[in-house]
Amino acid sequence: MADLSQIVKAYDVRGVVPDQWDETTAELFGAAFARVTDASAAVVGHDMRPSSPGLARAFARGAASQGADVIEVGLCSTDLLYFASGKLALPGAMFTASHNPAQYNGIKMCRAGAAPVGEDTGLADIRVLVERWLDAGGAPSNGQPQGTIRQRDMLEDYAAHLRSLVDLSGIRPLKVVVDAGNGMGGHTVPTVFAGLPIDLDPLYFELDGTFPNHEANPLDPKNIVDLRNRVVETGADIGLAFDGDADRCFVVDERGEPVSPSAITALVAARELAKEPGATVIHNLITSRAVPEVVKECGGAPVRTRVGHSFIKQEMARTGAIFGGEHSAHYYFRDFWNADTGMLAALHVLAALGGQEGPLSQLVAHYDRYPSSGEINSTVEDQFNRTNAVKAHYAGREGVTIEELDGLSVTGVNWWFNLRPSNTEPLLRLNVEGCDTASVERVRDEVLSIVRAESERDTEA
């Protein structure tokens, strides 16, 4: 029997295929998904990984076995799947493991209108049913007639919807390098950019789920080296890098220097608030302090929340926020069913850049205000005790405040840091920001000396 505790996480399903799960299990997930969402119809898509088409079709069969009519949108990015779920008002499932290695695969599920399916909003119930049916040897009929399975291409509709949300008609011509990492950006970018005043220079647009050139994880600096070099070599105005399922977008400027996702969050927030003054903008607690500053300066209301798309989407829905951003380059839009789409964020950046004559580095300087450490990962044997050791070190210090909304957040006079455990790995993730580089380095080293007192190895992301 598959060990679902190893592959069903807080927000999605992800594991090695076929060692941890396979098409038989995917079919049960489809049946359970139809039951839990009470779906009479559903939409299913998949990325370019070798195992994705078979898993997606098995899921569709499972959902159809419970009476759901399934629309297969085929190859798509995760945000294209969210578009289909929103446009068609249907629950959906996307087969992808995002930036994980080729042997992995997973399912991102949503309710109708791209509403999240998380641990408390259906995923736990789906897991219980799948475990029960694995033991029983299959999913029983629910008495409904067999559903249908049909195909529908929604790429053109997706591209048209994105372009309707950002006016790029008057921008100056831009030379844009895009690194798709052999992921789904290679499928979506040409259609979205078609007809725009953009000289597109594609890197690794061939769909290949074995990732022959580099991992499809632009958060790791080594995976954007080729993009940075190409931008400088060709004199491009901007570089964009998408992860494997193309729901996240990373930006480099004309010098080949990475632009902080927090700066992109602030830039897009300012643009959205220009359209709707006074609106709410969501940001997670790890984004730069520049984000709420910019939101307030633009007349908006910043709302701080925990890390993770489920929390962001819940706050978007609760507050009616116009936009939300995370430090990990996930960007959420009210006009995109509160779902995250790196492609729409990229269009905003292109519109802002093309709407003025200066270089990107000059444009984003206003939004990139504070030095930071970036996210530093430490492998530890005991996340809880290491975190408590750091908390004890700072407790009682004059001018220091401590909170535990998501991990441990400590704020000093001219610095702050967050230390947060990974949900899926034995890691502690540290982010430090300050008013000057010396403060950032001092606090970073101080915290890491405590965290790594019993650590086995470390990596930087």
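A residue is called buried here if its relative accessible area is under 20%, exposed if it is over 50%, and partly exposed in between (1.4 Å probe, protein chains only). A329 counts as buried because its relative accessibility is 0%. This is a predicted model, where local features need pLDDT of at least 70 and side-chain atom pairs count only at pLDDT 80 or more, while totals for chains, interfaces and linings use all residues. Residues are numbered from 1 along each chain as its sequence is written, and side-chain values use heavy atoms, with hydrogens and water left out.

Let's stay with A329 for a moment. It sits in the loop between β15 (323-325) and β16 (331-333); helices (H or I, at least four residues) and strands (E, at least two) are DSSP runs, numbered from the N terminus. A329 is not a glycine, yet its phi is positive, about 75 degrees. F211 also has a positive phi, near 50 degrees, and is likewise a residue other than glycine. You'll find F211 in the loop between β9 (198-203) and α7, and with a relative accessible area of 11% it is buried.

Now go back towards the start of the chain. Next comes the cap on α1: D22 places a side-chain oxygen 3.2 Å from the backbone nitrogen of T24, at the N-terminal end of the helix. That is a polar contact (a pair of N or O atoms within 3.5 Å; within protein, one must be able to donate a hydrogen and the other to accept it, and residues adjacent in sequence count only if both atoms are side-chain atoms).

How far apart are the end C-alpha atoms of α1? The helix has 15 residues (23-37), and at 1.5 Å a residue it should span 21 Å, which agrees with the 21 Å between those end atoms. The expected span is 1.5 Å times one less than the number of residues. The buried residues of α1 include L28, F29 and F33. Among the elements covering the buried residues of α1 are β2 (41-46), α2 (52-65) and α4 (119-136). After the helix comes D38, with a positive phi near 55 degrees.

Further along, R172 lies in the loop between α5 (155-165) and β8 (174-179). Is R172 buried or exposed? At 17% relative accessibility, R172 counts as buried. A polar atom of its side chain lies 2.6 Å from the backbone oxygen of Q356. Beyond neighbours within four places in sequence, the contacts of R172 (heavy atoms within 4.5 Å) include P197, D237 and E357.

Q383 belongs to helix α13 (residues 383-394) and, at 24% relative accessibility, counts as partly exposed. P426 is 43 residues away from Q383 in sequence, but their C-alpha atoms are 7.1 Å apart in space. Leaving out neighbours within four places in sequence, Q383 is in contact with P426 and others, including P421 and L428.

Last, take a look at the second largest pocket, with its volume of about 880 Å³. Its lining is made up of 38 residues, with V259, S260, P261, S372 and G374 lying nearest its centre. Elements that give two or more residues to this lining include α7 (225-234), α8 (261-275) and β22 (427-434).

Terms used:
On a 1 Å grid over the protein atoms alone, a cavity is a set of points where a 1.4 Å probe fits but cannot get out, and a pocket is an open set with protein on both sides within 12 Å along at least five of seven lines; lining residues have an atom within 4 Å of a point. Grid points are joined across faces, edges and corners, and a volume is the space filled by probe spheres set on the points.
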